[in-house]
Amino acid sequence: MQRFSLAVLLMLLIPFKVNAEEIVKKDDLLNLDQCIEIAIKKHPDIAAAVNTVGISQSRVGQAKAGYYPQIEWSSGYRRYSPIGSISDRSFDEYSSSVTLKQNIFDFGKTTTQVNIQRLNLRSSNSDLEDTMQQILFNVKQAYYGVLQAGRNRDVAIEVVKQYEQHLEQAKGFYDVGTKPKIDVTKAEVDLSNTKLNLIKAENSLRISKATLNNAMGAPDMPEYKIKDTLSFQKYEISFEDAIHKAYENRPNLKSIISRKQSAEESIGLAEKGYYPVLSGNASYNWSGERFPIENGWDAGVTVTFPIFSGFLTKNQVEEARLNLNVLKVNEDSLRQKIFLEIQQAYLNLQESAERISVAEITVKQAEENLDLAKGRYEVGLGNSVELTDAMVTYTNAKTAYNQALYDYKIAEASLLKGMGDK
């Protein structure tokens, strides 16, 4: 799959709140790549994932703060009035100070925290990639669904026209007395049924377009057309290569590996709770009853050694180890799921390819059978039942062929997604 940097994604997401009409004009012809680009720009799940990456980037910066000095400024005023003393004089006190603190040595705590957050950032980037792959797969699935529904609608229109022609023929034969009235009645019933099927096919097409709009994150899209790419192009790869690519490229596997590495670092960070911290500090102070007030400075180093913390560190180490164990088991589980996912997609790809070759032959045979039935009816040798059966067989064959093409495209898209590829 194409890799997107955070900066590129942020640029792509600039028009996120722009109306869909400003991205796509009415009656535009879109291809699959354009639909994917719209999804990248408009889908809220991608926007959320990008912001999550930004949060992880900020946490890296927060962890790095431990490397730098901390400077604080404070100022104060108080009115002091003694009670029960010989002197009852009240006075004002002013104070101000600048304090500098610097971590000198903490046995690598800060470095470990930075490493942990960097690994978490890597995991967030992988999660973003996984989110994108899922959305792109949804777009592909919906895109091919529109193409399938459109082809099925075209088949329904073709069958309606054929039944209209058959009805005209039946009426003509009835008028000259070569066919009975029942042929006309049956032709009218068949035509009504095909018109009902056409209504269903048109509604299915509308629903599939709405599904595609939703997959792109743009439910308010204007009317548009899409390029028909529901053709058969064999995708060649061995099962072993597919598994290898999946284990190498899957973003959700990369994410859990990064989180596992972060958990390993967390054990070391928790263990550092047993060690002291050496820090330096310096301050410049002003204080007094009236201006100009007196001033002075101080500087020093502090060693903080944890003697007893109520077994806090011990339990933090144990928690980190158990968390690592959970992630190791989750990684094994994910690898098994990936194996099954690739296996299923690979088998579906092979099966749908075989169905396409058979379906192509079936369509040709159904066309020939329909032509023969129409010819027999026209010369008075056939009957309306034979012709109706031939039309039904032809319709089913075309629909099965469209289904096989769709299934192959979805199996291919599933296999690519399973391998972590575009």
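A: Start with the empty space. Rolling a probe the size of a water molecule over the atoms shows where empty space is left. This is a predicted model. Its largest pocket has a volume of about 350 Å³.

Q: Which residues lie nearest the centre of the largest pocket?
A: Ala156, Val159, Asn197, Thr395 and Thr399 do. In total, 18 residues line the pocket.

Q: How do the lining residues of the largest pocket divide into nonpolar, polar and charged?
A: Eight are nonpolar, nine are polar and one is charged.

Q: Take α9. What does its span from first C-alpha to last come to?
A: Compare the span with the expected value. α9 has 35 residues and covers 50 Å, close to the 51 Å expected at 1.5 Å a residue.

Q: What is found at the start of α9, and what just after α9?
A: At the start, a side-chain oxygen of asparagine 383 comes to within 3.1 Å of the backbone nitrogen of valine 385. Just after α9, glycine 420 has a positive phi of about 75°.

Q: Now the whole chain. What radius of gyration does it have?
A: Set the value against a globule. The protein chain has 37 Å, whereas a compact globule of 422 residues would have a value near 22 Å. The C-alpha trace spans about 135 × 50 × 35 Å along its principal axes.

Q: How many helices and strands does the protein chain have, and what share of its residues is buried?
A: There are nine helices and six strands. Of the 422 residues, 37% count as buried.

Methods
Residues are numbered from 1 along each chain as its sequence is written. This is a predicted model: local features need pLDDT of at least 70, side-chain atom pairs count only at pLDDT 80 or more; totals for chains, interfaces and linings use all residues. Side-chain values use heavy atoms; hydrogens and water are left out. On a 1 Å grid over the protein atoms alone, a cavity is a set of points where a 1.4 Å probe fits but cannot get out, and a pocket is an open set with protein on both sides within 12 Å along at least five of seven lines; lining residues have an atom within 4 Å of a point. Grid points are joined across faces, edges and corners, and a volume is the space filled by probe spheres set on the points. Ala, Val, Leu, Ile, Met, Phe, Trp, Tyr, Cys and Pro count as nonpolar, Asp, Glu, Lys and Arg as charged, and the others, Gly among them, as polar. Helices (H or I, at least four residues) and strands (E, at least two) are DSSP runs, numbered from the N terminus. The expected span of a helix is 1.5 Å times one less than its number of residues. A polar contact is a pair of N or O atoms within 3.5 Å; within protein, one must be able to donate a hydrogen and the other to accept it, and residues adjacent in sequence count only if both atoms are side-chain atoms. The radius of gyration is taken over C-alpha atoms; the globule rule is 2.2 Å times the number of residues to the power 0.38. Buried means under 20% relative accessible area, exposed over 50%, partly exposed in between (1.4 Å probe, protein chains only).
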